[in-house]
Amino acid sequence: MNRINQKLKEDKKLLSIYFTAGYPNIDDTAIIIQNLEKSGVDMIEIGLPFSDPLADGPTIQASSTQALKNGMTSEVLFDQIKDIRQFVSIPLIIMGYFNPMLQYGIEAFCKKCQEIGIDGLIIPDLPVDVYHSEYKATFEKYELINVFLITPQTSDERIHFIDSVSDGFIYMVSSASTTGAKVGFGNTQTEYFERIANMNLKNPQIVGFGISNNETFTQATKYAKGAIIGSAFVKHVTQNGIDTIDTFVNNIKN
Amino acid sequence: MKKTYNINEKGYYGEFGGAFIPEMLYPNVEELRQNYLKIMAEPSFKEEFHQLLKDYVGRPSPLYFAKRLSEKYNTKVYLKREDLNHTGAHKVNNTIGQILMAKRLGKNRIIAETGAGQHGVATATVCALMGIECIVYMGEIDIARQAPNVARMKMLGAEVRPALSGSRTLKDATNEAIRDWINNPVDTHYIIGSAIGPHPYPDMVTKFQSIISEEIKWQLKEKEGKENPDYVVACIGGGSNAAGTYYHFLDNEAVGIIAVEAAGKGVHSGESAATSALGKEGIIHGCKTLLMQTTDGQITEPYSISAGLDYPGVGPLHSHLYKSGRGEFYSATDDEAMTAGLELCQLEGIIPAIESSHALAIFEHKTFKPDDVVVISLSGRGDKDLQNYIDYFKL
């Protein structure tokens with residue numbers, strides 16, 4: 001069974017952390033992954049940087065630009081984490097935009113992910129319809145779970161379609177925004193979380209965007225299986241380097 | 001079924017096009033996709049659109065027989081005078097169409113991207129006309145080098161927001177506009193300025209710009225007794241003036257389609273925007289098309305003396321015309337374009353935009369027959385480029 005599905009079966013709220021590969025320094029990738037696991041994180045999203053990250057706010061944009069300047073590429077990332085499964089057992093997901101994967105070759109990219117022990121992918125600009133008709137078979141051949149996003153504006157009909165195509169979890173974007181744009185939740189979010197919770201989807205939901213501390217983590221996981229933190233973690237690494245990752249994680253989990 | 005180069009029902013031109021967008025944009029783009037053809041077909045929409053094109057923009061734009069240019073190159077050259085439109089370029093055809101579309105979709109906030117500022121000015125103009133809030137994203141570097149257009153936008157009531165990310169030019173202004181739309185999903189319409197972006201944008205922009213070729217047909221009939229020229233020629237950045245110039249001739253293979261891209265300092269100089277020659281298939285700003293990128297799939301920075309052609313991709317229609325062989329693609333260097341621009345000033349008394357000068361440089365690359373009828377899209381006027389001309393020719 002895929003590590004993601006196994007993890008989702010555990011009777012606890014899950015904390016997933018996103019970081020940008022190759023940032024702040026090119027060789028930090030594997031160290032960050034190991035430190036995150038040691039700190040008690042449940043799942044990791046390894047951000048493959050892209051020159052034009054449309055769905056991201058300034059924090060992740062800046063980290064991506066720096067990572068690319070540092071020399072990060074798909075090839076370099078795969079090389080840095082080729083032995084990662086000797087050290088790390090929690091689910092690992094690569095999150096990146098579609099064009100770099102397309103240039104690497106979708107089949108080759110998926111094959112490489114399987115060899116390394118990557119469990120899933122999040123590709124914000126690969127729409128569910130295109131995935132369903134063109135790439136699903138390839139992802140399944142290499143036992144990769146593809147994770148789709150939903151937002152407060154996504155229609156019920158489309159959420160049901162996304163649920164039917166998914167086999168892991170649904171990434172529930174907390175508000176209509178780019179990453180790191182808003183912090184905290186209001187009534188709109190609560191209503192949206194409740195609406196989704198009441199839809200009885202077959203896939204559990206993990207909330208992302210707007211989560212930065214214990215309070216927002218607790219709010220988000222009241223309705224969902226877990227929560228993802230991205231911009232707040234990248235900010236922490238920018239300000240404090242990679243040696244105090246456990247402090248950051250402990251503050252979230254409290 | 002008759003072969004067609006037009007868009008298919010799934011939003012693709014051949015293998016190019018589609019909508020590769022984050023889920024956050026899906027409701028907006030889907031709303032537009034479901035409604036744009038219906039709205040464009042409404043009699044009241046058509047009436048308002050054509051009325052504004054006539055009374056406000058000043059259409060039809062003349063199809064002018066360029067006698068001295070024709071003599072020099074020993075062929076029959078007509079210039080489609082988009083430079084005489086209100087705001088000085090073809091861009092306004094699209095912004096008029098899209099502002100009417102936005103109103104019918106109930107939107108009360110407009111965003112746009114701009115490079116040289118021509119599309120920004122055309123958008124600010126129609127927003128002033130309709131009394132709608134307007135925010136234009138423009139790269140910080142472009143703001144510095146296009147000061148007169150920034151001032152125009154401000155006078156027209158628009159807010160100009162600098163794009164501070166990436167290379168701080170058109171590509172990044174487009175990214176920022178898309179991010180704004182993600183953050184404002186309900187009340188905002190994004191007026192894309194070129195035949196790029198996720199479906200239905202390339203098709204919608206092309207259809208609004210198709211007034212250019214619609215007029216060419218009846219104007220040529222009056223002058224030459226036939227609707228179809230032997231060639232239509234246009235410059236291509238993203239490709240909206242080209243798309244409009246080609247549109248009504250796409251499926252008539254007797255009409256040659258010629259595209260001129262910006263070669264910058266030379267196609268292989270490392271400072272170029274000749275996307276068809278240098279690009280590879282990929283995803284940029286929501287569509288699958290040819291774009292300039294590294295082997296790792298990172299989008300690279302183009303260069304051209306012309307800010308309007310300084311874009312690392314081309315619209316999906318043009319990728320299809322290139323790949324299928326339907327279009328002949330050339331590229332003109334900065335030097336060739338500037339020389340062709342000055343030549344038009346001196347032979348015809350018309351100062352062209354540097355973008356349009358690239359189309360005029362076709363005569364450096366192709367020889368036409370004496371009885372060929374060649375229609376060149378003169379997409380914009382050169383007032384905005386005066387400083388560039390001054391610097392280049394040391395006037």
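Reader: In which loop of chain B is the place of B:Pro60?

Author: B:Pro60 sits in the loop of chain B between α2 (43–57) and β3 (63–65). The model is predicted, and the geometry discussed here is computed from it.

Reader: What kind of peptide bond joins B:Arg59 and B:Pro60?

Author: The general idea comes before the case. Most residues other than glycine have a negative phi, and most peptide bonds are trans. B:Arg59 and B:Pro60 are joined by a cis peptide bond, with omega at about 0 degrees. Another cis peptide bond joins B:His199 and B:Pro200, where omega is about 15 degrees. B:Pro200 belongs to the loop between β8 (188–191) and α9 (201–209) of chain B.

Reader: What is the phi of B:Asn74?

Author: For B:Asn74, phi is near 55 degrees, a positive value in a residue other than glycine. B:Asn74 is placed in the loop between α3 (67–73) and β4 (76–81) of chain B, and its relative accessibility of 47% makes it partly exposed. B:Thr87, which is not a glycine, likewise has a positive phi, of about 75 degrees. B:Thr87 is found in the loop between β4 and α4 of chain B.

Reader: Is B:Gln98 buried or exposed?

Author: Accessibility is read against a cut-off: a residue counts as buried under 20% relative accessible area. B:Gln98 has 0% relative accessibility and therefore counts as buried. B:Gln98 lies in helix α4 (residues 91–104) of chain B. Setting aside its neighbours within four places in sequence, the contacts of B:Gln98 include B:Tyr190, B:Ile192, B:Met204 and B:Phe208. B:His189 is also one of these contacts, and the side chains of B:Gln98 and B:His189 make a polar contact at 2.8 Å.

Reader: Which residues touch the most other members of the largest nonpolar core?

Author: In soluble globular proteins, nonpolar side chains tend to be buried together. In this model the largest nonpolar core has 182 residues, and A:Leu36, A:Ile46, A:Ile94, A:Phe233 and B:Tyr246 touch the most other members. Apart from neighbours within four places in sequence, B:Tyr246 is in contact with residues including B:Val232, B:Ile236, B:Ile257 and B:Leu321. There is also a second, separate core of 26 residues; B:Leu79, B:Cys235, B:Ile258 and B:Phe363 are among them.

Reader: How many salt bridges does a search of the whole structure find?

Author: Over all chains, the search finds 42 salt bridges. A:Arg3 forms a salt bridge with A:Asp119, the closest N and O atoms being 2.5 Å apart. A:Arg3 is in helix α1 (residues 3–9) of chain A and A:Asp119 in the loop between α6 (106–116) and β4 (120–122), so the pair ties together parts that are 116 residues apart in sequence. A:Arg3 is partly exposed, at 29% relative accessible area, whereas A:Asp119, at 3%, is buried.

Reader: By about how much are B:Glu71 and B:Lys67 separated in helix α3 of chain B, and what does this separation amount to in turns — how many residues apart are they?

Author: B:Glu71 and B:Lys67 are 4 residues apart in helix α3 of chain B, which means a separation of about one helical turn. Their side chains meet in a salt bridge of 3.2 Å, N to O, and B:Glu71 is exposed at 52% relative accessibility. The side chains of B:Arg161 and B:Asp180 also meet in a salt bridge, at 3.6 Å, N to O. B:Arg161 lies in strand β7 (residues 159–163) and B:Asp180 in helix α8 (residues 170–183) of chain B, so this pair ties together parts 19 residues apart in sequence. A:Lys7, A:Glu10, A:Lys12 and A:Asp42 are linked in a network of salt bridges.

Reader: What is the area buried between chain A and chain B?

Author: The buried area is about 2800 Å², and carbon and sulfur atoms give 54% of it. A:Asp52, A:Leu54 and A:Gln103 supply 24% of the area that chain A buries against chain B, more than any other three residues. The contact draws 36 residues from chain A and 31 residues from chain B.

Reader: How many salt bridges does the rule find across the interface of chain A and chain B?

Author: The rule finds 2 salt bridges there. In a salt bridge of 2.7 Å, N to O, the side chains of A:Arg158 and B:Glu23 meet. On the side of chain A that touches chain B, α5(A) gives the largest share, 5 residues. The residues of that side divide into 20 nonpolar, 11 polar and 5 charged.

Terms used. Residues numbered from 1 in each chain as written. Chains lettered and ligands numbered in written order. Predicted model: local features only at pLDDT ≥ 70, side-chain atom pairs only at ≥ 80, totals over all residues. Heavy atoms only, no water. Contact = heavy atoms within 4.5 Å. Buried area = accessible area lost by both parts, 1.4 Å probe. Salt bridge = Lys/Arg side-chain N within 4 Å of Asp/Glu carboxyl O. Helix = DSSP H or I, 4+ residues; strand = E, 2+ residues; numbered from the N terminus. Nonpolar A, V, L, I, M, F, W, Y, C, P; charged D, E, K, R; others polar. Buried < 20%, exposed > 50% of the residue type's maximum accessible area, 1.4 Å probe, protein only. Polar contact = N/O pair within 3.5 Å; in protein donor to acceptor, adjacent residues only side chain to side chain. Core = buried A, V, L, I, M, F, W, Y, C linked by side-chain atoms within 4.5 Å.
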